[in-house]
Amino acid sequence: MKRVLSGIQPSGQLHLGNFSGAIQQFVELQADHEMFIFIASYHALTSVRDPEVLRQNITQVATDYIAFGLDPDLPHVNLYRQQDVPEVTELAWLLACVCPKHMMDKATSFKDKTAKGLSASIGLYTYPVLQAADILSVDPDLVPVGKDQVQHCEITRDLAQKFNHNFASEDNPVFRLPDYRVREAAALLPGIDGQKMSKSYDNTIDPFMDEKPLRKRIMKIVSDATPLEDPKDPDNDTTFQIFRAIAGEHDPRTADLATRYRAGGLGYGHAKQELFELVLDTFGPARQRRAELMNDPGYINKVLADGADKARAKARSVLDKARHAVGL
Ligand code: TYM
């Protein structure tokens with residue numbers, strides 16, 4: 001079985017961008033891959049400064065992963081918290097020592113996040129090194145992510161290569177270079193204002209919201225001023241892009257909606273109502289499951305403890321190999 005690793009930061013409520021760019025891939029891949037899916041709690045410390053909020057977010061992300069369909073009852077699916085695998089931070093140091101400073105200078109996430117007002121800490125600056133350690137710690141074949149994480153995956157491959165070049169022979173490398181995968185139909189899902197859907201832009205759609213505020217939120221999605229009776233271009237419309245990402249590119253409902261956009265006579269308000277109904281329909285079971293899981297913290301804690309045991313065993317063996325290679 002090939003191995004998969006990916007993670008999400010517990011920096012706020014998960015949204016449709018996280019689902020369609022990342023979690024949907026996890027749910028598909030778990031059928032025939034060994035999964036290491038984690039909650040990037042150390043990474044969230046670059047933005048969350050309230051310990052109670054962080055604790056709650058961590059539990060919420062664990063709950064939501066399972067509500068969305070990740071199944072930790074499968075023996076090959078491991079869900080864990082980053083802080084339960086401290087080997088990752090040691091590995092991050094070994095990688096930091098082969099990471100040229102200019103590699104971090106080029107990383108766009110530091111610039112984007114500080115431009116949005118996030119504190120310019122060393123943790124934020126070296127964030128991609130920690131992400132490389134997360135990834136390499138379980139020696140995965142594949143990292144499924146949204147498009148905004150592609151640069152971090154490339155940095156991971158570069159650091160693995162630099163480390164191997166310095167400390168290992170070509171026929172016996174310490175790290176394999178993992179592939180990454182982006183789902184094209186939802187590579188970068190737009191939010192209600194048309195920009196990338198992101199917790200920090202306050203433009204997200206949270207499929208677990210109560211129905212009334214959820215509908216209100218969807219009705220606020222930007223649209224142009226094309227009159228109701230005129231033909232519209234679905235590919236340039238945010239409502240349609242979100243619909244396509246959730247229903248699926250090849251789903252007949254997506255083709256049908258695109259045809260009605262192009263024919264004219266379909267108002268944006270109507271398209272938004274259809275999106276609202278699609279969200280309720282698609283996430284109905286997840287909403288129910290989430291409500292049940294929130295009453296079962298014992299189950300979540302057990303899942304996280306088991307996942308951490310498995311991830312830790314894997315990370316220990318990778319770290320031992322890397323320590324030995326550098327002379328420790
Ligand atoms: P984060 O927490 O911002 O997002 C989690 C996942 O959701 C995807 N995503 C999106 N995909 C499509 N459209 C969007 N609007 C959208 N917004 C978010 C992200 O691409 C990501 O796949 N640095 C990572 C967390 C991380 C990680 C890792 C990921 C830490 N270590 C190791 C993979 C492997 C992050 O901030 O993702």
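Analyst: The axes of α3 and α13 (residues 268-293) cross at roughly 135° and come within 8 Å. Axes here are lines fitted to C-alpha atoms, for helices over the stretch in contact, and angles run from 0 to 180 degrees between N-to-C directions. Helices (H or I, at least four residues) and strands (E, at least two) are DSSP runs, numbered from the N terminus. That angle makes α3 oblique to α13. Angles under 35 degrees count as roughly parallel, over 145 as roughly antiparallel, 65 to 115 as roughly perpendicular and the rest as oblique. The crossing of α3 with α13 is right-handed. A crossing is right-handed if the near helix is turned clockwise from the far one by less than a right angle, and left-handed if anticlockwise.

This is a predicted model: local features need pLDDT of at least 70, side-chain atom pairs count only at pLDDT 80 or more, and totals for chains, interfaces and linings use all residues. Residues are numbered from 1 along each chain as its sequence is written.

On the α3 side, Thr63, Asp64, Ile66 and Ala67 take part; they meet Ala286, Arg289, Arg290 and Leu293 of α13. By class, this contact has four nonpolar, one polar and three charged residues. Contact means C-beta atoms, placed from the backbone, within 7 Å. Ala, Val, Leu, Ile, Met, Phe, Trp, Tyr, Cys and Pro count as nonpolar, Asp, Glu, Lys and Arg as charged, and the others, Gly among them, as polar.

α13 also packs with α11 (residues 238-247), at about 25° and with the axes 10 Å apart. α11 and α13 are therefore roughly parallel. Their crossing is left-handed. Phe240, Phe243 and Ile246 are among the α11 residues here, and Leu275, Leu278 and Val279 are among those of α13. The α11 contact with α13 has 10 nonpolar, two polar and one charged residues.

Now the domains. The assignment, automatic or from a database, gives domain 1 (2-188 + 297-326) and domain 2 (199-291). Their C-alpha centres lie 30 Å apart.

Conventions:
Two residues are in contact if their C-beta atoms, placed from the backbone, lie within 7 Å.
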